[in-house]
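Please look through the model below, following the helices in turn. The text after it begins with one term and then moves along the chain.

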Amino acid sequence: MQGRKWGVGAAALLGNPKDIELAIYYFGIEHVLFGTDVPLGINPAGATEEIIKAIQSLKLGQANEENIFRSNVINFINGRRYTYVDDN
């Protein structure tokens, strides 16, 4: 893969917008992926809805949200790079 290499990081952000903002700043938005493993912390369905709300509260724009929720993982699997989209 050319360009910046993917790193591995894990964090239990549980819907904290400031933590997500810090992850975007530190790793770059092209390296931030939405994911869950188990429904812990918030009943009855876990933290999924809280994390989605936190990401949306950052007002990153539709294209960047789409990248976090979907496209970044596809790019990772396919070895492609991504460039930040400033659509605000």
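The bend at a residue is the angle between two fitted axes, one for the seven residues ending there and one for the seven starting there. By this definition, helix H3, residues 62–78, has a kink of about 60° centred on Ile-68. The model is a predicted one. Its protein chain averages a pLDDT of 75, and 64% of the residues score at least 70. Over residues 1–8 the pLDDT is below 50, although this stretch has 17 contacts in the model beyond near neighbours in sequence.

Just after H3, Gly-79 takes a positive phi of about 75°.

H2 spans residues 48–57 and contains Glu-50. Glu-50 has a relative accessible area of 33%, so this residue counts as partly exposed, the class between 20% and 50%. In sequence Glu-50 is 35 residues from Gly-15, yet their C-alpha atoms are 4.9 Å apart.

Turning to the surface, which residues form a nonpolar patch? They are Leu-33, Val-73, Ile-74, Phe-76 and Ile-77, with about 420 Å² of accessible area together. Leu-33 belongs to the loop between H1 and H2. Its relative accessibility is 38%, and therefore Leu-33 is classed as partly exposed.

Key:
Residues are numbered from 1 along each chain as its sequence is written. This is a predicted model: local features need pLDDT of at least 70, side-chain atom pairs count only at pLDDT 80 or more; totals for chains, interfaces and linings use all residues. Side-chain values use heavy atoms; hydrogens and water are left out. Helices (H or I, at least four residues) and strands (E, at least two) are DSSP runs, numbered from the N terminus. Buried means under 20% relative accessible area, exposed over 50%, partly exposed in between (1.4 Å probe, protein chains only). pLDDT is the predictor's confidence in each residue, from 0 to 100. Contact means heavy atoms within 4.5 Å. Patches are made of residues with over 30% relative accessible area and no salt bridge: like charges are joined within 9 Å, nonpolar side chains (Val, Leu, Ile, Met, Phe, Trp, Tyr) within 5 Å. Accessible areas come from the Shrake-Rupley method with a 1.4 Å probe; for residues, only the protein chains shown count as cover. A salt bridge is a side-chain nitrogen of Lys or Arg within 4 Å of a carboxyl oxygen of Asp or Glu.
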